[in-house]
Amino acid sequence: MSEVVLSIGSNLGDRLALLRSVVDGLGAAVRAVSGVYETAPWGGVEQDPFLNAVVVADDPGADAAAWLRRAHDFERAAERVRDVRWGPRTLDVDLVCCRADGREVLSTEPELTLPHPRAHERAFVLVPWLEVEPDAALTVDGRVRRADELLAALAPAERDDVHRTDLVLR
């Protein structure tokens, strides 16, 4: 079995509908969906706040490359434009990590780095992920680290910028 943890976000257009398009597009592969969080933009580009969530999905026929293709397909369908790094976007779908047969997939390929190289620095990924997988763990610098410990190591301001909303994706 191949399982993926996806971080999804949007700060342009109908943000909630764009997040729902991922959940709907994954259909029966979806195993868990976090609540929806409003978060301050990350990366220093002036822009509107994001809606973010985490989706856990599995598909026995998908490897990490197939999950990446699906993520890009969702972004293309949302007319994602990549003009400014960390800039505003209709839809961002990031592979946080993949698991095959219960083991984390590691990749240093230029097209696909797993786990996501900055997931451990982003409260907007860790908070919703911990909601659906309280024992979540991620390999960081060659060491498996608990996601709750990674979150605790972030600056309080980073954690405080993640606010649960009443919105739902399912």
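A: Start with the lining of the second largest pocket, sorted by residue class: 6 nonpolar, 7 polar and 1 charged. Keep in mind that this is a predicted model.

Q: What is the volume of the second largest pocket?
A: The general idea comes first. Rolling a probe the size of a water molecule over the atoms shows where empty space is left. Here, the second largest pocket has a volume of about 180 Å³. Its lining has 14 residues, and P115, P117, T139, V140 and D141 are the closest to its centre.

Q: Which element gives the most to the lining of the second largest pocket?
A: That is β9, with 3 residues.

Q: Which way do β9 and strand β10 run, parallel or antiparallel?
A: Look at the bridges between strands. β9 and β10 (residues 143-146) run antiparallel, joined by 4 bridges. Within this pairing, L138 stands opposite R145 of β10. Now look at the turn. The hairpin of β9 and β10 has 2 residues between the strands, and D141 takes a positive phi near 50° there. D141 is also among the residues closest to the centre of the second largest pocket.

Q: At what angle do helix α1 and helix α2 pack?
A: Read the angle and the axis distance together. α1 (residues 15-26) and α2 (residues 64-77) pack at about 135°, and their axes are 10 Å apart. That angle makes α1 oblique to α2, because only angles over 145 degrees count as roughly antiparallel.

Q: Is the crossing of α1 and α2 left-handed or right-handed?
A: The crossing is right-handed.

Key
Residues are numbered from 1 along each chain as its sequence is written. This is a predicted model: local features need pLDDT of at least 70, side-chain atom pairs count only at pLDDT 80 or more; totals for chains, interfaces and linings use all residues. Side-chain values use heavy atoms; hydrogens and water are left out. On a 1 Å grid over the protein atoms alone, a cavity is a set of points where a 1.4 Å probe fits but cannot get out, and a pocket is an open set with protein on both sides within 12 Å along at least five of seven lines; lining residues have an atom within 4 Å of a point. Grid points are joined across faces, edges and corners, and a volume is the space filled by probe spheres set on the points. Ala, Val, Leu, Ile, Met, Phe, Trp, Tyr, Cys and Pro count as nonpolar, Asp, Glu, Lys and Arg as charged, and the others, Gly among them, as polar. Two strands pair if DSSP finds at least two bridges between them. Axes are lines fitted to C-alpha atoms, for helices over the stretch in contact, and angles run from 0 to 180 degrees between N-to-C directions. Angles under 35 degrees count as roughly parallel, over 145 as roughly antiparallel, 65 to 115 as roughly perpendicular and the rest as oblique. A crossing is left-handed if the near helix is turned anticlockwise from the far one by less than a right angle, and right-handed if clockwise.
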